[in-house]
Amino acid sequence: MSKARPIGNTFIHGTSYKKALIYCRVSSERQKTEGHGLESQEYRCREYAKSKGYEVVEVFKDSYSGGGDFMLRPAMSSLISYVDDRAHESFVVIFDDLSRFARDVNAHFLLRKTFTDRGIKIECPNFTFENTPEGELVETMMAAQHQYHRNNNRRQVVQKQKARLESGYWAFGRKRGYVMERSPLHGNILVPKEPDASILREALQGFSNGRFQTKVDACRFLVEKDFWKKQKPERYIDKFTYILNEPLYAGYVEYPVWGVARRPGHHQGIISLQTFEENQKRLTKGNNGKRVRADVSEDFPLRGLLVCGDGGAKMTAAFSGGRSKRYPYYICPDKNCECKRSSHPAERVHDDFDELLKTQKVKSSTVNLMAVIFDRTWIDELKELKNEEVKIEKITIELEEQLDKLTLNAVEAKSERMKIIYEQKAEECANKIDALKAESPVSLDLDVPYRTALEKVTTLLNSPYKVWHSVGVTERQKLFHFIFLDKLPYSKKAGYRTDNLPSAVRLFEDFVTSNSQDVEMAGIEPASESGTTWCFYSV
């Protein structure tokens, strides 16, 4: 509640105004830091106060737009609080120009009443406030004029920004991972900022290819790399989601608020359009892959991968304390299980698993046949891609011809309505062309060394035990899902139950057997056993 005494809409009779408060305002931080608007306003107001015999006791400076609630202006709010705290004193507030008071008619008279109710007198070097019908009329007209200029300026700014966006330029402030630089050719344009751009690229690509299973994993990576600081990764999930949905990072520009549809930008993208689209699919469909547990360790590499062979409950893993050291165990947590919550020494479980891995390999003849089948399948796939490329090229040519006609119709349209219709159809046509180009096999690396990938698979199928012990614990969990199609049952009596065991070995055996009649045996060479670097993703 205000401490000022209520005095209605007129000043107290006989009040002597000797103390002055100066209020200065510019519309942006840029005007505040790069210009001299605040200093020049203060100088004019001080000169005016000196001519009127006022003592300037305080100066309040704002860098805030004049539209909307004046109490949102920090300095204006401080000024009113300053007066409220000195209810026994009388002040005159001096503005350099009436436009500094407010550039909105409603806000102008609401602020006027706020000052009047506190006994504050308002003065301006180039405008005289009069409590007469004529004075109120002139003041209203001046406030309306300032409101018009503000709205007109905003309209012009929006029009210019929209034109920049439609031309493929980002028209607002910089984005994280970019800086805004001045170019002789393009004007202000976004340029990747290192090392932020490379760190963000790794996070976005990692999310698209499954390296980061969740948003939290990606955010944790960004925090560890000092891309974001001070807070826990969970705090940045919303920001990362926004980045995932922003096509600007793929080199495109869009602004649906102003009806600007997506189009190629002139700035350099941090990621490819393909990576952006993959991330959109992940956001839409959710994470369908096998998730690696966060609490896996070298002591329990099979944590979360085993079930009780007697009751089917998921096994847990924990240490049990001894006299001098702790011992790792896998445990059935089901108290109703017939195994009576058996615990299994981790060493035994791991040794039995090693023996199981040694049996999970395919025959040499199967590997050779599989290589031939993969070769032929790959050749057929290349033919399909070539055919698809021809179809897309034909459709693209037709769309480009249609786009040319629509553009010409839009230019020659006699009515604004028809011009808008043609422009919308042209925009839709351009988007279809961009989508087709993104899907075109031309953008794919058809010379991908698929043979290297095949060698990795065959090496794995030949010796999964060797590969298992050559990778880290996190990669082992992912490798498990490649070798076995489900969690493994384990019991104290039988160990791993291998009857009807769903595994990749049987999958490939069945695959090759079903296709072997179409393969000529002549000329088959053994698969390469060259060294490889392993990286597995859930299947």
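Here is a short chat about the structure above.

Reader: What kind of model is this, and how are residues numbered?
Author: The model is predicted, and residues are numbered from 1 along each chain as its sequence is written. Local features need pLDDT of at least 70, side-chain atom pairs count only at pLDDT 80 or more, and totals for chains, interfaces and linings use all residues, while side-chain values use heavy atoms, with hydrogens and water left out.

Reader: How many helices and strands?
Author: The chain has 17 helices and 14 strands. These are DSSP runs, numbered from the N terminus: helices are H or I with at least four residues, strands E with at least two.

Reader: How much of the chain is buried?
Author: Of its 539 residues, 39% are buried. Buried means under 20% relative accessible area, with a 1.4 Å probe and protein chains only; exposed is over 50%, partly exposed in between.

Reader: OK, cores. Which residues have the most contacts inside the largest nonpolar one?
Author: Leu200, Leu204, Leu222, Trp228 and Phe240, in a core of 35 residues. Helix H7 (196-209) gives the most to this core, six residues. A nonpolar core is a set of buried Ala, Val, Leu, Ile, Met, Phe, Trp, Tyr and Cys residues joined through side-chain atoms within 4.5 Å.

Reader: And what does tryptophan 228 touch?
Author: Leaving aside neighbours within four places in sequence, its contacts include Arg176, Tyr236 and Ile243. Contact means heavy atoms within 4.5 Å.

Reader: What about a second core?
Author: A separate one has 28 residues, among them Ala317, Leu357, Leu460 and Val467.

Reader: New topic. How many disulfides?
Author: Zero in the whole structure. A disulfide is a pair of cysteine sulfur atoms within 2.5 Å. For cysteine 337, the nearest cysteine sulfur is that of cysteine 339, 3.4 Å away.

Reader: Is cysteine 337 buried or exposed?
Author: Cysteine 337 is buried, at 7% relative accessible area.

Reader: Now the sheet with S9. What is the strand order?
Author: S9-S13-S14, an open sheet with mixed pairing. Two strands pair if DSSP finds at least two bridges between them. S9 (306-308) and S14 (495-496) each have a single partner strand, so one side of each has no neighbour in the sheet.

Reader: How do S13 and S14 pair?
Author: In the antiparallel sense, over two bridges. Tyrosine 490 has tyrosine 496 in S14 as its bridge partner.

Reader: Which helix lies across those strands?
Author: H11 (residues 346-359) lies across S9, S13 and S14.

Technical notes: Axes are lines fitted to C-alpha atoms, for helices over the stretch in contact, and angles run from 0 to 180 degrees between N-to-C directions.
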